Amino acid sequence: MPLTKEVVLGKHVWERHSCINCHTLHGEGAYFAPELGNVMTRWGVTDDPEAAYEVLTGWMEAQPSGIEGRRQMPQFNLTPEEIRGLAEFLRWADQTDTQGWPPTNAG
Ligand code: HEC
């Protein structure tokens with residue numbers, strides 16, 4: 001997958017909102033929230049930019065879930081362009097050749 005301007009924008013959004021303070025990406029980061037290097041595979045949208053954008057939009061809009069007993073993710077109030085960037089960044093990260101790293105799906 002090419003390194004497009006959407007991917008680069010998504011990386012900036014990722015940095016600006018410190019997603020890594022809770023999540024891991026390819027096994028590195030914090031271990032409070034799910035590994036995101038394989039989330040597009042787990043959602044079945046790795047090869048479908050529109051589906052990736054839609055499912056991520058749905059996820060971001062629904063946070064925080066308020067479900068008792070579940071760890072909470074904040075509401076970031078991102079623009080559609082920012083969410084598209086994040087979706088592309090996560091698809092790109094999902095397709096980088098990590099030689100099987102991390103060893104488990106949970107990071
Ligand atoms: C304060 C901690 C925190 C931050 C910061 C955070 N998240 Fe999360 N995120 C969570 C938690 C906790 C969950 C799991 C919630 C659940 O399962 O109900 C989650 C889940 C997710 C999921 C779904 C993962 C899956 O496997 O289903 C995605 C995608 C996601 N976050 C993206 C992001 C992005 C992008 C950012 C930065 C803009 C971000 N998160 C920042 C805590 C955080």
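Is Glu50 buried, partly exposed or exposed?

A: Glu50 is partly exposed, with a relative accessible area of 40%. Here buried means under 20% relative accessible area, exposed means over 50%, and partly exposed lies in between (1.4 Å probe, protein chains only). The model is predicted: local features need pLDDT of at least 70, side-chain atom pairs count only at pLDDT 80 or more, and totals for chains, interfaces and linings use all residues. Residues are numbered from 1 along each chain as its sequence is written, and side-chain values use heavy atoms, leaving out hydrogens and water.

Now the partner. The side chains of Glu50 and Arg84 meet in a salt bridge at 3.2 Å, N to O. This pair links distant parts of the chain: Glu50 is in helix H3 (residues 49-61), Arg84 in helix H4 (residues 80-95), and they are 34 residues apart. Arg84 is also partly exposed, at 27% relative accessibility.

A salt bridge is a side-chain nitrogen of Lys or Arg within 4 Å of a carboxyl oxygen of Asp or Glu. By this rule the count is 5 salt bridges. Helices are DSSP runs (H or I, at least four residues), numbered from the N terminus.

Take another pair. Glu15 and Lys11 form a salt bridge at 2.3 Å, N to O. Both lie in helix H1 (residues 5-16), 4 residues apart, about one turn of the helix. Glu15 is partly exposed at 43%, and Lys11 is partly exposed at 34%.

Helix H4 holds Glu88 and Arg91, 3 residues apart, about one helical turn. Their side chains meet in a salt bridge at 2.9 Å, N to O. Both Glu88 and Arg91 are buried.

Conventions
Helices (H or I, at least four residues) and strands (E, at least two) are DSSP runs, numbered from the N terminus.
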